[in-house]
Amino acid sequence: MTRQEIMNGKKTVRDEDFELIQAINDGRTDLFQELVEKYQQKIYNFGMRMCGESRDAEDLVQETFLNIFRYLKGFRYETRFKNWMFRVATTTCLKAKRKPKHAPERELSLEEFMPGEGEDLPDQAPDWAQRPLDQLLNEELAAHIKNAIIDLPKPYRMVMVLRDQEGFSTEETAQMLDISVSNAKVRLHRARLFLREKLKGYFDHDA
Amino acid sequence: MTHRGHDHHKCMALFEKMSEYIDRELDDEARVQVETHIRACCHCHACYETLQRTVDLCRSSADDYPLPSTLSEKLRAMLEAANR
């Protein structure tokens with residue numbers, strides 16, 4: 001249960017972690033382990049979705065929790081703790097020198113996904129877009145999707161992971177990445193179009 | 001998207017808004033415009049369905065990864081060192 005209060009003229013978000021964090025910041029640093037145990041799975045998932053390699057994801061988890069430990073006193077309860085933690089994780093990830101092998105840093109333009117004028121277009125959705133989801137999604141397809149996301153340039157990948165896999169809102173994602181809401185929307189749309197092309201390729205190849 | 005009864009620019013304008021439509025982030029007026037267009041344009045309807053399915057698949061494939069067995073211990077040791 002999360003609620004907002006105004007304390008000393010400032011917005012304060014009281015979420016499920018509020019008391020635990022206050023206790024840690026009041027000197028009970030031994031309780032930090034509780035935060036780690038609660039959130040290590042989430043940060044590891046995020047690391048795997050961003051890096052694709054277990055070793056890199058482990059490094060990201062360690063660096064993220066170390067940064068949280070260092071900077072927790074600076075947490076002002078202006079957002080849910082989980083959002084602040086992901087902000088630390090995304091910053092840590094963006095600063096990481098490691099680059100996955102298949103992630104060229106480039107801009108995705110809308111034009112590359114737009115059909116040209118006069119181009120012959122399908123007048124109905126392909127079979128894969130119409131079949132029930134549970135009949136479609138299997139381990140092979142899930143692995144293909146994960147690889148396709150890793151192939152996205154990092155700024156796009158990060159927005160897609162936060163929005164469509166971690167479940168944050170557009171506003172929350174924009175706040176975490178320190179970008180505008182409209183920029184987050186643009187990146188997400190292009191990332192989805194990129195993934196759609198990869199899925200088309202997968203199903204066309206399969207057909 | 002070019003086809004009888006619709007101009008390329010109208011379809012392109014919809015193409016740009018499609019994620020916002022899927023995420024229900026458009027205001028009522030824009031949403032109605034998109035819905036009206038999708039109903040009338042089979043190409044845009046097909047485009048919408050493939051993008052919606054892409055989003056569904058992306059969301060549904062976000063399972064937990066198995067945690068490496070040594071991670072908790074590494075974190076504990078790292079925090080003990082940081083706490084000293």
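The report below covers the interface and then the cysteines.

## Basis

This is a predicted model: local features need pLDDT of at least 70, side-chain atom pairs count only at pLDDT 80 or more, and totals for chains, interfaces and linings use all residues. Residues are numbered from 1 along each chain as its sequence is written, chains are lettered from A in the order in which they are written, and side-chain values use heavy atoms, with hydrogens and water left out.

## Interface extent

Contact (heavy atoms within 4.5 Å) links 57 residues of chain A with 45 residues of chain B. The two chains bury about 4700 Å² between them, 63% of it on carbon and sulfur atoms. Buried area is the accessible area (1.4 Å probe) lost when two parts are put together, summed over both. His189(A), Arg192(A) and Arg196(A) supply 13% of what chain A buries against chain B, more than any other three residues.

## Salt bridges

Six salt bridges cross the interface of chain A and chain B. The rule asks for a side-chain nitrogen of Lys or Arg within 4 Å of a carboxyl oxygen of Asp or Glu. Lys74(B) and Glu58(A) form a salt bridge, at 2.9 Å from N to O.

## Cysteines

The whole structure has zero disulfides over all chains, a disulfide being a pair of cysteine sulfur atoms within 2.5 Å. For Cys93(A), the nearest cysteine sulfur, that of Cys51(A), is 5.1 Å away.

Cys47(B) is buried, at 9% relative accessible area.

Methods:
Buried < 20%, exposed > 50% of the residue type's maximum accessible area, 1.4 Å probe, protein only.
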